[in-house]
Amino acid sequence: MGPGRTFDCPYDPLYTLSSEKNHSKSNVHGDKVVKAPMFRSMFSSLIHLPGYSLCLEGKDPVPPFIDRRWRGRAQQCLEALQQLAAAQSSLQIPQIVYEDPEVSGRNRYKYFARPLIPSNKLLPLNVVYAVAETEPYVHSATRDSKVFGPKLRTLGTQTDYRDGEAQTDPYSPEYVVPTGSVPELLTLATLTWGRGLPAGLAEVEMIERAREKRAWEATLPAMDSASQIAKRRKMMDDMARKEWAFREQEIEKLQEVRLEVLKKLLWRREENQNELDAKRLDEHRQNHQKAKEEKIKKIQHDCALMLRKLIAKRKNVMGKLERRDIIKEYTDFASQTYAPLSRIGYFPDNHSERYMVKNFYLNTFAGLCELEASLPDSVTQVKIKAPKPKYSTTKTGFIKRSARLEVELAQVHQALLEKKNKVKEPKKPLRFLEKVEKPVPRPPTPILEKPSIEEEETELAVICLQKLLRGRAIQNMMFEGKEKRLELIQELRTTHALQEDGQLLLKAEEQMTLALQQQHDLQMHKLSSVENHLAREEGRALANIFDFLSKELVRLQEERKIHAFVMLAERQRRMREAEESGRRQLEERRRQEEDEIFKQVVKVHQSTIDSYLEDIILSSMENTAEEQAREEIQRMAVEINDIAYEMESRRTRLQSEEIVAELVYDFLIPEAQKMSIREKVRQSQRKHIYAAHQIIHRGTERIVADLALHQETSASKIKGDPPAGTASAALSGTAAGPSTADSTCSAPVARELAEPLCEESPGEMAVSPSDGSDKDSTAS
């Protein structure tokens, strides 16, 4: 299908295809592949996250109302009906009447077209053809002839036929089957070109089997009685067994062919593997050989270098400097003047072509021709004499029998002389012991059970009946053939009657018998030679089989060894994998810990940076707010001062007195009221404080008085002076209540006892926030 006729399949009603598969292929018109970008990974260059996906463009140039179904199914149904009608005469198919195409009428334009002739001016841009120069038109009074340029000529034609309409299979003409006849040729309708045609040996055997089966079906008895039905069933069972046996043979043949193919493939694979192993070994050996040669070359080079250095040092052991002796160099032909060394930088083979001998007779074709002409004919034209034959031959080139006998006698004489003069060699001792294998015992001969007499009689009766049927069928066939070819038989009889003598018949019979004898001898000779060849081939096959089995045994042993090595290697690999997996898990755990530490450090750094930035922002905000507030306060103070100075300058005495009265009323009177209220509260709380003091210090005063008395008594005992006044003073102080002694001696004890009480009753010692510092001092 051409690129310009892509949609012939849905549009052209004459476009035909061989199958529905080709129809579906022709309907695919190569949709364009479009890159569809993926939003999430649009700018990704990773393999597992592509930036786009490939999809087919959903544009169909063929409109949806065009029918794209395959039009060959109706033709297949028609062909099936025709085959069915050929087998069943009662079925009739209506004849198809095709419409007149009107080729020479109104549809002429569909079958004829004008070829597209390319213009001479439409040449490619990069190709320039040589245009023939033409003589221009010349109008002259003296010249009547006119000269024109070249006329247009057809460079190519365009055909209306497609490549799909070209004939690829042999032509099969249409046919008409008359009613009541089933041609044998229609049974081969399943065979097509390339699938059974042209017919081979297998197809011929299949055709013969089909003919035999049809003949057998024709011989089946009618189903008009019970005996005929039983006979028919038995014949059908026998035929079914034969078919199953034939199918089993075919399966066995197919299996043998597959086995042979498998053997060939295995042998070829082993050969390829052996060749590959040999190539690898050769490459390995060559690489080692090259490395060895390079090492040897390097060692030799180093050895020569060291030898030259040693020789140079030996020449000048004392290390004296010598001047160049030019005369000595030119007198010595082995010096570098005549033979410089390449390692110094001089390469004598650079311009070696200037020393080549250039001969005219050898380098040019004219010289070769001249040299060939100067040579004699005996050099260029070789004369070969045929050798004389050792044996005398006839004119036709055959060797005479006497010469052949002489040669055979000479060979026999020579063989006898060699055998006579041959010296017997002593027998050599056996190097290897040979094991004589016993032949395998034969299996027991199978014994068949004797059938019963009734079965044997029925079988013999069936065989006799089959023989009678076959004989009768052959007799009928012979009779039909005789009736069909009766004219030919009569013609042959007339030709035999026209023979001259009966002696010629006898001579012909004698010659025929002699020819038959010779043919029999040749056939026996061929049979003997074939048997010899078969015996040789059998021996070769057995040798190959034994060789193959021995190699297979060695291969199995090696395979078991390799399997053991593989198991050991697999076990070692699993152990290493387990160790590696443990190490990998440890590394992964350590990596996770390091990742977590890194995350925490990054988090701390991030939080530190956030707090630092927050502090900077807050401090900058506070400073900015403070500066703005200070500026605002200064501005308001300046404004208030200006207003105050202006009011002060305008104010009168009455306004000043009014301001003083407002200040006294708003500030002094409320403060005095607060002070009086605080004093009243303090007086009201004092009695409660006094009661609390009495409760707290009632027991503590006695304890403190006893301690003081005990201390005075102890001190008086030491000094010898009883402190009467001190004791009385202590007693008086105890009875008087909270006095100076209480404030001096019992102050720390009272403070220690008052602390838990204050903790237990915080409400009694609390002060209202409106009292200020005066209430705090009162409570303390």
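# A tour of the predicted model

Select E552 to begin: at 18% relative accessibility, this residue counts as buried, because the cut-off for buried is under 20%. The structure on screen is a predicted model.

**Stop 1**

How exposed is R555? R555 is partly exposed, at 39% relative accessibility, whereas E552 is buried.

**Stop 2: further along helix 14**

Now select E587 and R590, which also lie in helix 14. This pair is three residues apart, about one turn of the helix. A salt bridge joins E587 to R590, and their closest N and O atoms are 3.6 Å apart. E587 is partly exposed, with a relative accessible area of 40%. R590 is partly exposed as well, at 38% relative accessibility. Next, select E570, R573, R574 and E577: salt bridges with shared partners join these four into one network.

**Stop 3: helix 5**

Move to helix 5, residues 201–218, and select E208 and R211. What do the side chains of E208 and R211 form where they meet? They form a salt bridge, at 3.5 Å from N to O. The two residues are three apart in the helix, so the separation is about one helical turn. E208 has a relative accessible area of 38% and is partly exposed. R211 is partly exposed too, with a relative accessible area of 41%. A search of the whole structure finds 18 salt bridges.

**Stop 4: a loop residue**

Select W70, in the loop between strand 2 (52–56) and helix 3 (73–87). Is W70 buried or exposed? At 15% relative accessibility W70 counts as buried, because that value is under 20%. H23 and W70 are 47 residues apart in sequence, and in space their C-alpha atoms are 6.5 Å apart.

**Stop 5**

E456 sits in helix 12, which covers residues 453–484. The relative accessible area of E456 is 41%, so E456 is partly exposed.

**Stop 6: a nonpolar patch**

Which residues make a nonpolar surface patch of about 770 Å²? Select I659, V660, L663, V664, Y665, F667, L668 and I669 to see the patch. One of these residues, L668, is found in helix 15, residues 653–719. L668 counts as exposed, at 55% relative accessibility, because the cut-off for exposed is over 50%.

**Stop 7**

Finish with C303 and C464. C303 is partly exposed, with a relative accessible area of 41%. C464 is also partly exposed, with a relative accessible area of 44%. How many disulfides are there in the model? The count comes to zero, because a disulfide needs a pair of cysteine sulfur atoms within 2.5 Å.

Note on methods. Residues numbered from 1 in each chain as written. Predicted model: local features only at pLDDT ≥ 70, side-chain atom pairs only at ≥ 80, totals over all residues. Heavy atoms only, no water. Helix = DSSP H or I, 4+ residues; strand = E, 2+ residues; numbered from the N terminus. Buried < 20%, exposed > 50% of the residue type's maximum accessible area, 1.4 Å probe, protein only. Patch = residues over 30% accessible without salt bridge, like charges linked within 9 Å, V, L, I, M, F, W, Y side chains within 5 Å. Areas by Shrake-Rupley, 256 points an atom, 1.4 Å probe, with all protein chains shown as cover.
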